[in-house]
Amino acid sequence: LVNRTLKAPHLLLKFSPTHKTPKLSTLTMKKQKPDNLKGFNPFNQLPQEIIFTILDLLNSNPLDIKSFSLACKSFYAAESKHRTSLKPLRQEHLPSILSRYPNIAHLHLTRCSRVSDTCLSFVSHACASSLRSIDLSRTHLFSASGLLGLALNCNNLVEIDLSNATELKDSAMAAVSQAKNLEKLWLARCKSVTDLGVGCVAVGCRKLKSICLKWCLGVGDLGVGLLAVKCNHICYLDLSYLPITSKCLSPILKLQHLEDLVLEGCFGIDDDSLAVLKHGCNSLKSLDVSTCQNISHNGLSSLVSGAVGLQQLTLAHGSPVTSSLADSLKKFSMLQSVKLDGCLISYDGLKTIGNWCASLRELSLSKCSGVTDEGISSIVTRHKDLRKLDITCCRKITDVSISRITNSCNSLTSLRMESCTLVSREAFVLIGQRCHLLEELDLTDNEIDDKGLKYISICSQLSNLKLGICLNITDEGLIHIGRGCSKLLELDLYRSVEITDSGIIAIAQGCPGLEMINIAYCKDITDHSLLSLSKCSRLKTLESRGCSMITSLGLTAVAVGCKELTKLDVKKCPNIDDAGMLPLAHFSQNLRQINLSHSSVTGIGLLSLAGISCLQNITILHLKSLTPTGLAAVLLACGGLTKVKLQAEFKWLLPHRLIEHLEARGCTFQWRDKVLQVELDPKCWKLRLEDLMP
């Protein structure tokens, strides 16, 4: 692209690994550069469109983008203009960040535990013309005043997420109602909002298309009814666990664009409520009435005439699935997905589902009692186009079901069958022989062995494989997976105790794109496994809890090689000490969550983690050498912490003013009432905040 733009094919662009700025050399030029090229930067000649195209290809890795922006001044400026999405760690950094990035359209403040009205005011002015969405779902401290500034100044704002803002009241909704172009609003668990607040939104935000009111317990029929009457463009509506009745359903189902309706846990909805569906809701494509115990086949029969275009139906944890209930749904010719998780199902019910005229693409029977081989056979024989099947904890099925599933449904991309304990080892061979398109396979707590893994390795598209508590598999089976499943992204080997270094090395070599691996309680794993995993540069999650033979040497290799690591669990790894914390602090700058319980890390090692600006969640239980003084220093130094899990004894050993200071900064403490396995010097029992503050 550079050569084509400059129309100089004899130039070769080359980066020097020891310099931040590009190094220009030529194939035909001699060592001495001509005078006309001195001080010449070819990047200044590149059109902005080409640089933006390059940045689009780098979006998957933030470290690549950072390196790109530091290459030269022109790249730095281009990256500033190109970025449209931002996830800052702390609100105090926002002024400098937004001054650099003028085109931010999507602002995610979920990593900032507290965002003040002053901060939102700055955002509303800095991003007045560009901001389209803002996510405040995990933040606190802001009020109606800050939201009003956003609504009035950001005219292009179309999406606001205020989920979990339990302190917001109707005044905040009145402020949101000033966002006249708002299309998406998420208010899950805003328990202080009432019908009055929702009414303000309904009147002010006429362009609303999607709204979530899940667990807004103060909202009832009046508020929901106003939304349905005033906001005619709604296509997604989540009313889960609201105290609503049939009064508001009539205006809801008159919405001409409504496609997705969630009524999970609405105990006031019964058969009579669904009768209004007979009047028609032809646009409805997805309906969730899970945990609605008062809905039977009589109510669902109303769907047949009213929602003829229904494609997805969720009835999880509801009434028993009998032949009558299944028969009431058989006329849905466009139905593709049915979820019946946790329901009691009879054989007649499954047989009736098998006779439906629709050809299902997804069926979920997770934890359904009553599922048998005969029932599964009657379904898969008819629904051969199934792509996703969940039979988790269907403990009555045997090899017969697996044979029928694999023989009829060759196009499966997802099969979840955790804890199907009556399925023998031989049945897993059939999965690999017949279902070559599988991308997700959950075999947790099953009898699969190495022969089964050998055949499953034929599934070359596999990206997610769960083999937790599979006691019959060894390194031999994992070697086959490493050779055949090169696209594997996630691997769960939790408590698969026969796995050793050889199997992990085979996975690391054969699956270079691995992003998550769980080797917890695989007791024979050593540093050799971690050294091999350090070659998986995209690794984001490493769970090695209970691997007592790994040391800080292996952890250092992972820190150096896996710079995208975001979650680390080394609980009950006694050989992990301070020597492993220093490399983490230097190389793992994306680390957000770490569990160091029962390790040999001291306060000195913890203090080094303060250099990781992304670190938000830390669990430090039963660290023998951790003193109140050392803990206090760590908590003060790690300024980005939002959640800390500690033993309850420390609550009384730390100064109360220190805890208040940290909580005001946005940190939440989870105190665990366990015996403190550490002998404290009586001199350390009393600690003053003044001893720690400069």
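**Reading a predicted model**

Modeller: Start with Ser133: its relative accessible area is 9%, so Ser133 is buried. Buried means under 20% relative accessible area, exposed over 50%, partly exposed in between (1.4 Å probe, protein chains only). This is a predicted model: local features need pLDDT of at least 70, side-chain atom pairs count only at pLDDT 80 or more, and totals for chains, interfaces and linings use all residues. Residues are numbered from 1 along each chain as its sequence is written, and side-chain values use heavy atoms, with hydrogens and water left out.

Biologist: Where is Ser133 found, and which residues is Ser133 in contact with, leaving aside neighbours within four places in sequence?

Modeller: Contact means heavy atoms within 4.5 Å. Helices (H or I, at least four residues) and strands (E, at least two) are DSSP runs, numbered from the N terminus. Ser133 sits in strand E5 (residues 133-135). Leaving aside neighbours within four places in sequence, Ser133 touches Ala105, His106, Leu107, Leu157 and Glu159.

Biologist: How many residues of helix H18 are buried, and what do they pack against?

Modeller: An α-helix has 3.6 residues a turn, so residues three or four places apart point the same way. In H18 (residues 427-434), six of the eight residues are buried. They are Ala427, Phe428, Val429, Leu430, Ile431 and Gly432. Their partners are helix H17 (399-408), strand E16 (414-416), strand E17 (440-442) and helix H19 (450-456).

Biologist: How many aromatic pairs does a search of the whole structure find?

Modeller: Rings of Phe, Tyr and Trp (its six-membered ring) pair if their centres lie within 6.5 Å; planes under 30 degrees apart count as stacked, over 60 as edge-to-face and the rest as tilted. The search finds five pairs. One of them, Tyr494 and Tyr521, is edge-to-face, at 6.0 Å centre to centre and 85° between the planes. Tyr494 lies in the loop between strand E19 (490-492) and helix H21 (501-510), and Tyr521 in the loop between strand E20 (516-518) and helix H22 (527-533), so the pair ties together parts 27 residues apart in sequence. Tyr494 is partly exposed at 27% relative accessibility. Tyr521 is buried at 17%.

Biologist: What is the mean pLDDT of the chain, and where is pLDDT below 50?

Modeller: pLDDT is the predictor's confidence in each residue, from 0 to 100. The chain mean is 89, and 90% of residues reach 70 or more. Residues 1-31 fall below 50, with 47 contacts beyond near neighbours in sequence. pLDDT also stays under 50 over residues 676-694. Where pLDDT is low, the predicted coordinates should not be read in detail.
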